[in-house]
Amino acid sequence: MNYTYLVKCADGTLYCGWTNHLEQRVKAHNAGRGAKYTKGRRPVTLVYYETFETRQEAMRRETELKRLSRKEKLELIKTRPICSVVSAQSDV
């Protein structure tokens, strides 16, 4: 499975990415190994994700999400809340 995701950084900004191991990727962000952008903005909290069959679909959706305004991203998060949040405090 492949994922496109949004995490909320400690400073309130949003970061968008894609991965094929969502839980591991969020842990990597929180360990400072995920992306340069999130390294200095930890902890991050997973606030939104979508699943895809192929890497190409996930990457295409990542590009689409990155083109959205912050307001549009926040609306998207509101429309599809996730039940279990992977964060720095999570053992997942």
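**Figure 1. Confidence along the predicted chain.** In this predicted model, pLDDT (the predictor's confidence in each residue, from 0 to 100) stays under 50 over residues 84-92. For residues 84-92 the model has 17 contacts beyond four places in sequence, a contact being heavy atoms within 4.5 Å. Where pLDDT is low, the predicted coordinates should not be read in detail. The mean pLDDT of the protein is 90, and 88% of its residues reach 70 or more. Because the model is predicted, local features need pLDDT of at least 70 and side-chain atom pairs count only at pLDDT 80 or more, while totals for chains, interfaces and linings use all residues. Residues are numbered from 1 along each chain as its sequence is written, and side-chain values use heavy atoms, with hydrogens and water left out.

**Figure 2. The largest nonpolar core.** A nonpolar core is a set of buried Ala, Val, Leu, Ile, Met, Phe, Trp, Tyr and Cys residues joined through side-chain atoms within 4.5 Å. Buried means under 20% relative accessible area, exposed means over 50%, and partly exposed lies in between (1.4 Å probe, protein chains only). The largest such core has 11 residues: Y3, Y5, V7, C9, Y15, L22, V26, A35, V44, L46 and I82. At least two residues of this core come from each of β1 (2-8) and α1 (22-30); helices (H or I, at least four residues) and strands (E, at least two) are DSSP runs, numbered from the N terminus. With three residues, β1 gives the most to this core. Another core, of eight residues, lies apart from it and has L6, V47, Y48 and L65 among its members. In soluble globular proteins, nonpolar side chains tend to be buried together.

**Figure 3. Helix α1 and its surroundings.** The residues L22, V26, A28, H29 and N30 of α1 are buried. Buried residues of this helix pack against β1, β2, α2 and β3. After α1 comes G32, whose phi is positive, near 85°.

**Figure 4. Y3 and its aromatic partner.** Leaving aside residues up to four places away in sequence, Y3 touches G17, W18, T19, N20, H21, L22, Y49, E50, T51 and A58. A search of the whole structure finds three aromatic pairs. Rings of Phe, Tyr and Trp (its six-membered ring) pair if their centres lie within 6.5 Å; planes under 30 degrees apart count as stacked, over 60 as edge-to-face and the rest as tilted. Y3 and Y49 form an edge-to-face pair, with 6.0 Å centre to centre and 70° between the planes. This pair links distant parts of the chain, since Y3 is in strand β1 and Y49 in strand β3 (residues 45-52), 46 residues apart. Y3 counts as buried because its relative accessibility is 18%, whereas Y49, at 30%, counts as partly exposed.

Figure 5. Y15 and Y37 form a stacked aromatic pair, 6.1 Å centre to centre with 20° between the planes. Y15 lies in strand β2 (residues 14-19) and Y37 in helix α2 (residues 36-39), so the pair ties together parts that are 22 residues apart in sequence. Y15 has 16% relative accessibility and therefore counts as buried; Y37, at 30%, counts as partly exposed. Together, Y5, Y15 and Y37 form one aromatic cluster. The charged end of R41 sits over the ring of Y37, 3.8 Å from its centre. For a charge to sit over a ring, NZ of Lys or CZ of Arg is within 6 Å of the ring centre and within 35 degrees of the ring normal.

Figure 6. A salt bridge is a side-chain nitrogen of Lys or Arg within 4 Å of a carboxyl oxygen of Asp or Glu, and the count comes to six. One joins the side chains of R61 and E50 (3.0 Å, N to O). Because R61 lies in helix α3 (residues 55-67) and E50 in strand β3, the pair ties together parts that are 11 residues apart in sequence. R61 and E50 are both buried. R61 also forms a salt bridge with E64, the closest N and O atoms being 3.0 Å apart. E64 is partly exposed, with a relative accessible area of 39%. In helix α3, E62 and K66 meet in a salt bridge (3.1 Å, N to O). They are four residues apart, so about one helical turn separates E62 and K66. E62 counts as buried at 12% relative accessibility, and K66 as partly exposed at 46%. Salt bridges that share partners join E50, R61, E64 and R80 into one network.
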